[in-house]
Amino acid sequence: MPKDGLLYLPGLRIMHDEYYFQMDQLILTPTFLLILEIKNLAGHLYFDDKVKQMIRMLDGKRECFEDPIEQVKRQSYHLKQILRQCKFPIIPIERLVVITNPSTIVEFSPSYKEALARVIKSVQLLHKFTLFQQKYQTPILTSKEMKKLSKQLFKLHDTHDPDVCALFQMDKRELVKGVLCPKCDQSFILYYKGANWRCPIYQHKLKNAHVDALIDYTPDLTQHYKPRMQRLLKSPLQKYYNVPP
């Protein structure tokens, strides 16, 4: 996919009409917007327009999923309403369902014409994008307006932050807190003394035992802390584990 003149906004989750909608990938171009619904499913997928469902056959089992074409249609509707509310120019919004697993078999009911147009394999994405570029050639958004739109959408973005303990029916008291000893099978909790982490049983001395804990928690912490704290949290990880900035 091209990069020049485009903005890629992954994983936006926005509240609209008391409903959260989430787009796997939104691509901003000067002439149109493109919503991608990404599906990495193995097996045999059958799209049925009669009851708007997607059926998967895998290892002799049949599973039923909501039709992703309907999902991405709702996303398009909500995005259009938000653009209108924020007084952005009216711009075409295209949508695609992208099947990323190359071995997946995709089949449609004979009357499901929309599926033929909207559901593609990932290898077809560039070709489909080029067709959209040929279809929409009149610039509607300037580069400045595209950046303004991306900032507005990121302001509306609400990170999904569920109560993990409730989700997995765990008692918070079962969680092991602190820095664990990487050299002990029992994973004793270390204490800090004299610029070293020390094992209370075997007295191992470790300078950077906390880095593993930071590795575990950095994705969550850096979502909630200011940029300076993000740099402080990531710097030891980059030094010892070659974590990208």
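Q: Does Arg95 count as buried or exposed, and at what relative accessibility?
A: In this predicted model, Arg95 counts as buried because its relative accessibility is 14%, and buried means under 20%.

Q: What can side chains of opposite charge do when their charged atoms come close?
A: Side chains of opposite charge can pair when their charged atoms come close. In this structure, Glu114 forms a salt bridge with Arg95, and their closest N and O atoms are 3.4 Å apart. This pair links distant parts of the chain, with Glu114 in helix H2 and Arg95 in strand S7, 19 residues apart. Glu114 counts as partly exposed, at 22% relative accessibility.

Q: Which residues do salt bridges that share partners join into one network?
A: The network consists of Lys52, Glu70, Lys73, Glu94, Arg95, Glu114, Arg118 and Lys135. The count of salt bridges comes to 11.

Q: With which residue does Glu94 form a salt bridge, and how far apart are the closest N and O atoms?
A: Glu94 forms a salt bridge with Arg118, with 3.0 Å between the closest N and O atoms. Here too distant parts of the chain are linked: Glu94 lies in strand S7 (residues 93–99) and Arg118 in helix H2 (residues 113–118), 24 residues apart. Glu94 counts as buried, at 5% relative accessibility, and Arg118 is buried with a relative accessible area of 18%. Glu94 also meets the side chain of Lys135 in a salt bridge, at 3.4 Å from N to O. That pair links helix H3, where Lys135 lies, to strand S7, where Glu94 lies, across 41 residues. Lys135 is exposed, with a relative accessible area of 55%.

Q: How is a pair of aromatic rings described?
A: The description uses the distance of the centres and the angle of the planes. In this structure, the count comes to 4 aromatic pairs. For Phe32 and Tyr136, the ring centres are 5.6 Å apart and the planes are at 35 degrees, so the pair is tilted. Phe32 lies in the loop between strands S2 and S3, and Tyr136 in the loop between helices H3 and H4, so the pair ties together parts that are 104 residues apart in sequence. Phe32 is buried, with a relative accessible area of 1%, and Tyr136 is buried, with 18%.

Q: How is the aromatic pair of Phe47 and Phe108 arranged?
A: The pair of Phe47 and Phe108 is tilted, with 5.6 Å from centre to centre and 50 degrees between the planes. Phe47 belongs to strand S4 (residues 44–48) and Phe108 to strand S8 (residues 105–108), so parts that are 61 residues apart in sequence are tied together. Both Phe47 and Phe108 are buried.

Q: Which residues form one aromatic cluster?
A: The cluster is formed by Phe32, Phe129, Phe132 and Tyr136.

Q: What sits over the ring of Tyr20?
A: The charged end of Arg13 sits over this ring, 3.8 Å from the centre.

Q: Which residues form a nonpolar patch on the surface?
A: Met1, Tyr8 and Leu126 form the patch, and together they have about 250 Å² of accessible area. Tyr8 lies in strand S1 (residues 7–16) and is partly exposed, with a relative accessible area of 30%.

Q: How many helices and strands does the secondary structure of the chain come to?
A: The secondary structure comes to 7 helices and 12 strands. Of the 245 residues of the chain, 37% count as buried.

Methods. Residues are numbered from 1 along each chain as its sequence is written. This is a predicted model: local features need pLDDT of at least 70, side-chain atom pairs count only at pLDDT 80 or more; totals for chains, interfaces and linings use all residues. Side-chain values use heavy atoms; hydrogens and water are left out. Rings of Phe, Tyr and Trp (its six-membered ring) pair if their centres lie within 6.5 Å; planes under 30 degrees apart count as stacked, over 60 as edge-to-face and the rest as tilted. Helices (H or I, at least four residues) and strands (E, at least two) are DSSP runs, numbered from the N terminus. Buried means under 20% relative accessible area, exposed over 50%, partly exposed in between (1.4 Å probe, protein chains only). A charge sits over a ring if NZ of Lys or CZ of Arg is within 6 Å of the ring centre and within 35 degrees of the ring normal. Patches are made of residues with over 30% relative accessible area and no salt bridge: like charges are joined within 9 Å, nonpolar side chains (Val, Leu, Ile, Met, Phe, Trp, Tyr) within 5 Å. Accessible areas come from the Shrake-Rupley method with a 1.4 Å probe; for residues, only the protein chains shown count as cover. A salt bridge is a side-chain nitrogen of Lys or Arg within 4 Å of a carboxyl oxygen of Asp or Glu.
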